[in-house]
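Please consult the sequence and the model while reading the points below.

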Amino acid sequence: MPPQAAAPQATPRLALGGTSGVRLVLEAGDAAAVEAAAAALKARFGARFAVIGRRRAKAGLRVTASLQVSADEALDAGAPREDG
């Protein structure tokens, strides 16, 4: 008797407070500055930051990247700063 096919499962959704990706685009005429900025972000965020693509153009270099963030961090980033 052949095995029965499993019913397709719905794509899991992230719970509130889960992580999601943010797309970043770094672009400038100075290719070295763009690469340095990408390296600084990688050093700061580690495995949460990944370069997806690089494109050279007449105007310089364009780097597309992804950063994994949580909803809490996104809300904190938009909060007004407190001096003190």
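At the start of helix 1, a side-chain oxygen of Asp30 comes to within 3.2 Å of the backbone nitrogen of Ala32. The model is predicted: local features need pLDDT of at least 70 and side-chain atom pairs count only at pLDDT 80 or more, while totals for chains, interfaces and linings use all residues. Residues are numbered from 1 along each chain as its sequence is written, and side-chain values use heavy atoms, with hydrogens and water left out.

**Helix 1**

- Helices (H or I, at least four residues) and strands (E, at least two) are DSSP runs, numbered from the N terminus.
- Helix 1 covers residues 31–45, and at 1.5 Å a residue its 15 residues should span 21 Å; the expected span is 1.5 Å times one less than the number of residues.
- The end C-alpha atoms of helix 1 are 21 Å apart, which agrees with that expectation.
- Gly46 follows helix 1 and has a positive phi, near 60°.

**The nonpolar core**

- The largest nonpolar core has five residues in all: Leu26, Val34, Ala38, Leu61 and Val63.
- Such a core is a set of buried Ala, Val, Leu, Ile, Met, Phe, Trp, Tyr and Cys residues joined through side-chain atoms within 4.5 Å.
- Helix 1 and strand 3 are the elements that give two or more residues to this core.
- Leaving aside neighbours within four places in sequence, Val34 is in contact (heavy atoms within 4.5 Å) with Leu26, Glu27, Ala28, Leu61 and Val63.

**Strands 2 and 3**

- Strand 2 (residues 49–57) and strand 3 run antiparallel and are joined by eight bridges; two strands pair if DSSP finds at least two bridges between them.
- A hairpin connects strand 2 to strand 3 through two residues.
- Arg56 stands opposite Leu61 in strand 3.

- Thr64 belongs to strand 3 (residues 60–70).
- Because its relative accessibility is 15%, Thr64 counts as buried; buried means under 20% relative accessible area, exposed over 50%, and partly exposed in between (1.4 Å probe, protein chains only).
- Apart from neighbours within four places in sequence, Thr64 is in contact with Arg23, Leu24, Val51, Ile52 and Gly53.
- Val25 lies in strand 1 (residues 19–28) and, at 38% relative accessibility, counts as partly exposed.
- With neighbours within four places in sequence left aside, Val25 is in contact with Arg62 and Val63.
- The C-alpha atoms of Val25 and Ala38 are 9.8 Å apart, and the two residues are 13 residues apart along the chain.

Notes. A polar contact is a pair of N or O atoms within 3.5 Å; within protein, one must be able to donate a hydrogen and the other to accept it, and residues adjacent in sequence count only if both atoms are side-chain atoms.
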